[in-house]
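Here's a quick tour for anyone meeting this structure for the first time. Take a look at it, then read on.

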Amino acid sequence: MYVYDQFDHALVRERNAEFSDQVARRLSGELSEDQFKPLRLMNGLYLQLHAYMLRIAIPYGVLSSVQMRKFAHIARTYDRDFGHFTTRQNLQFNWIKLADTPKILEELAEVEMHAMQTSGNCIRNTTTDQFSGAAKDELDDPRPWAELIRQWSTIHPEFTFLPRKFKIAITGATKDRAAIRVHDIGLHLTPKGFEVYVGGGMGRTPHLGHLIKSGVPGEKLLSYLEACLRVYNRYGRRDNIYKARIKILVSALGPDEYARQVEEEWNTLDQAAIDAPYYEIDRIRSFFPDPAFADKAFDQAALDRAKAADPAFARWVRNNTHAHKRDDHVSVTISTKPVGLPPGDASSAQMDVMADVADSFAYGELRVAHDQNIILPHVAKADLYALYQQLDRVNLSTANAKKISDIIACPGLDYCTLANARSIPLSQEISKRFADADLTDEIGELEIKISGCINACGHHHVGHIGILGVDKQGIEFYQILLGGRADEKAALGVITGKGLPAEAVPAAIERVVRLYLQLRTSPAERFIDVVERLGRETFAEALHEPA
Amino acid sequence: MKLLTANRLTDGLVLWYADGQWVEDAAIATHLEDAAGEALKAEWVARETEVVAPYLIPVTDDGTPVQRELVREFVRANGPTIGQTTFDTAKQFNRDEVFQ
């Protein structure tokens, strides 16, 4: 993975010193809250419902075991012994003291991490496929390009005060696991260069991104992105926060006209001054080699015997492993979603175990997926049972990847000042309702995504079943959306039926799922396939209790 | 009647105004007449080295926040309603949750 050079170290050191001084001035009263708020937000520090929340950037979701162990230490020392992995592939600590933040940022800098650009109207952490560099279906590794974008965008003076925040996602595989069509810019890395999708996003007015250019060569990527950002920075709506995202501009201009303006801008730019030279791209690429894969003797018969003797292990292998480019390896999903617990939460003890197993079985590398799970990208098949047993001791062996209980949920009204309704308790109740692992397996792939407000941090627009919490005269209500998906066939879900009170939602979901089981033509036909074949209205009646 | 609440500057924890001081336990918050509440809020808005963003919550006759505020203030007063942090504020004061 990328290793900081002297410039990265100096930048983070100087920024931490600056913020440390700002915190001291706020505590002394020299800075007012109005003066301090934008400064703390630029360093990832929010004041939430109960306490300060520190959001730490995990560049494109890639973590070392050393960094994970540092998170465990911070959770134990400065927080309430746990952290929360987010849909932006970042980590949030929910109980931080203001005076501790300079020390925490110093500790993060020791392991080449920071909290810059995790808030504010700037280019945020670039996200990517959690199986980058490992997946069997990968065309090219997106991580070097994500790192190039990180270096280009970090405190980019022209793009520090955009009309609104700006999110870029990259995938380099045939399957889109990075949800590129619902990002401000989505990049699909192909053998013929980048396909550039612009104007996607969720929130109040969801849009799918439009393909505005294909075949952008890697060595021209930065100047093309700069042209995209420049047109947005110039014409994006600054007068109305609800119309300030690039999706609104692209929609207003039309994708063709936006693309024309970008092309015109691109041709006026001094591209050579912006684009990274070949040797720099090669230098960055050199940080992402394959690990020194161990040639461990793999005994298929021994694995089969272990699975036969331990059905829970067999289920975990079936559900939580992903095809690797090497036949003797797999990628492993560590589910942070045991039945009844908050999605994305991990205790310090669990973080330590994840770091330990990464060292023992995964070449020291971990990933944070946008579905809030943790990935070990490279695991020898010979090590699977030993790995499973260690994870099982700390409740990290739930075999539900991509299943109905693998729910994305934003923090919701339990933590977030913006939320209208709680998300996590609902996800807990739904996962308890589908606690039967056999039933979960029978249902197959089904993605539920819950947001506690219209800002859609829980990606409800692209859930096979999306759930949106709303406030109805002081009562939490939930609207159900059906038919969304974030993959290469991206689609936005549509609100179906009337809003439901929280206590009615799990039963409504179960009725929909039972109907799906009746209607599917075979177990291979997934819930989303049936919704697309028969239409979401087929399920509308099932959402409501029979009269 | 109203309750005055804010977050503490140093750690962001939820505070309630009670008999001349700020406390973490919502169960003992003072019920303020509207005018007195407004005057206290104005006083504390200026004292930024102690609390952040003080505001008033309208309460009903039985002392609970009015309906439109109830869920949010229930969670603020008692702590998150989930997992390892369930009602941690209520637990800290060894009491049942307030604003049920």
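Predicted model: local features only at pLDDT ≥ 70, side-chain atom pairs only at ≥ 80, totals over all residues.

Residues are numbered from 1 along each chain as its sequence is written, while chains are lettered from A and ligands numbered from 1 in the order in which they are written.

Chain B has 3 helices and 4 strands (DSSP runs, H or I of at least four residues for helices and E of at least two for strands, numbered from the N terminus). Starting at the N terminus, chain B reads β-β-β-α-β-α-α. The C-alpha trace of chain B spans about 40 × 35 × 20 Å along its principal axes.

Chain B meets chain A through 25 of its residues, with 26 residues from chain A (contact puts C-beta atoms, placed from the backbone, within 7 Å). Helix 2 (residues 67-78) of chain B gives the largest share of chain B's side, 8 residues.

Over in chain A, 5 strands make an open, antiparallel sheet in the order 1-2-5-4-13 (strands pair if DSSP finds at least two bridges between them). Strand 1 and strand 2 of chain A pair over 3 bridges, and Leu47(A) sits opposite Tyr52(A).

| Helix of chain A | Strands of chain A touched |
|---|---|
| Helix 3 (residues 65-78) | strand 4 (82-85) and strand 5 (91-96) |
| Helix 4 (residues 101-110) | strand 1, strand 2 and strand 5 |

Key
Contact = placed C-beta atoms within 7 Å. Axes fitted to C-alpha atoms, helices over the stretch in contact; angles between N-to-C directions.
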